[in-house]
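I opened this entry to record some contacts and helix packing. My look-ups follow in the order I made them.

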Amino acid sequence: MLEELRRELAVATRMLVDASILNYSGHLSTRVPGVSDELLVQPVDEPRAGLRPETVLRVRFDGTVIEGEGRPPSELAIHTGVYLARPDVAAVAHFHHDPTTVFSMVEGAAIVPVKNHASRWAAGVPVHPDPSHISTYEQGAELAVTLGSAHAALLRSHGEVVVAEDVPALFTDVVHFVENADTLARAMTLGTVVPLRRYECERFLATFDRRRHARKVWRYATSVAVATGSVSTAWLEAPRPAAATATAAGGVGAVGSPGADGNNGSRA
Ligand SMILES: [Zn+2]
């Protein structure tokens with residue numbers, strides 16, 4: 001199970017690099033199943049485009065590295081703060097996507113749903129007022145308060161935090177979150193935006209199979225990533241047991257990294 005989670009984390013990370021959502025910074029994490037205070041996360045200095053399953057760290061919430069070499073990201077507290085406050089969350093993404101972050105910089109320019117899949121954030125996307133790096137556990141706890149029960153938050157003039165039930169679902173959410181922000185920004189240049197109403201979002205979600213959609217997006221994105229050489233097919237084998245496969249995920253392109261043997265991490 002842990003190896004499968006490591007593979008998912010590496011694959012999702014590479015695909016988000018290919019989608020220009022992660023770059024030289026930003027990171028994903030997932031809880032270690034059955035343990036209340038451990039997570040998997042990449043080393044701080046590992047290039048996102050070359051992340052490999054075997055280099056993913058197993059880290060205690062206090063920052064102690066249990067397995068792997070290197071240090072966790074300096075903003076580990078983003079992840080631990082959310083996990084401590086939200087038992088329903090099993091995967092967290094933090095990234096710095098400027099076209100999305102600008103919504104935290106303009107008064108009155110809230111992120112509202114304009115695309116169906118953004119219905120997940122119909123209840124709102126809170127903006128955390130602290131623009132500095134979330135580098136202490138106190139800051140992580142403060143961020144969790146801002147996040148509340150929401151599924152995403154903006155860090156003012158800094159970046160984004162998106163949370164989900166597993167890595168493939170997280171990948172899908174991150175892709176849709178950015179898609180919605182991009183589309184909203186374009187719509188705002190044309191005139192008065194008419195966002196999806198709350199009841200419209202609820203109607204969409206009432207018939208939306210989140211797990212099935214995430215699986216579809218994950219399959220699409222991984223197939224592109226394999227075709228472009230960014231992800232090895234070896235990392236996509238050994239499907240998770242059905243009960244644990246809250247699959248989901250979003251897709252977007254991929255561009256190459258590892259060789260077909262999956263042993264290399266650098267992008268083409
Ligand atoms: Zn950051």
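**Leu16 and its surroundings**

I looked up what Leu16 touches, leaving out residues up to four places away in sequence, and found Ile21, Leu22, Phe171 and Val174; contact here is C-beta atoms, placed from the backbone, within 7 Å. The model is predicted, with local features needing pLDDT of at least 70 and side-chain atom pairs counting only at pLDDT 80 or more, while totals for chains, interfaces and linings use all residues. Residues are numbered from 1 along each chain as its sequence is written.

I placed Leu16 in helix H1; helices are DSSP runs of H or I with at least four residues, strands are E runs of at least two, and both are numbered from the N terminus. Is Leu16 buried or exposed? Leu16 is buried, because 29 other C-beta atoms lie within 10 Å (buried means 20 or more such atoms, exposed 12 or fewer, partly exposed in between). From Leu16 to Phe171 I noted 155 residues in sequence but 7.6 Å in space, C-alpha to C-alpha.

**Core**

I then listed the largest nonpolar core, which has 68 residues; such a core is a set of buried Ala, Val, Leu, Ile, Met, Phe, Trp, Tyr and Cys joined through C-beta atoms within 7 Å. Leu16, Leu170 and Phe171 are among the residues with the most contacts inside it. H5 gives the most to this core, ten residues. For Leu170, again skipping residues up to four places away, I noted contacts with Ala12, Leu28, Ala91, Ala93, Val162 and Ala164.

**Helix packing**

I checked H7 (residues 210-228) against H1 (residues 2-18): the angle is about 75 degrees and the axes are 10 Å apart. Axes are lines fitted to C-alpha atoms over the stretch in contact, with angles from 0 to 180 degrees between N-to-C directions. H1 and H7 are therefore roughly perpendicular (65 to 115 degrees; under 35 is roughly parallel, over 145 roughly antiparallel, the rest oblique). On the H1 side I listed Val11, Arg14, Met15 and Asp18, which meet Ala221, Thr222 and Ala225 of H7.

I repeated this for H5 (residues 167-190), whose axis comes within 9 Å of that of H7 and crosses at roughly 80 degrees. H5 is thus also roughly perpendicular to H7. Pro168, Ala169, Phe171, Thr172 and Val175 of H5 make the contact with His213, Ala214, Val217 and Trp218 of H7.

Key:
Two residues are in contact if their C-beta atoms, placed from the backbone, lie within 7 Å.
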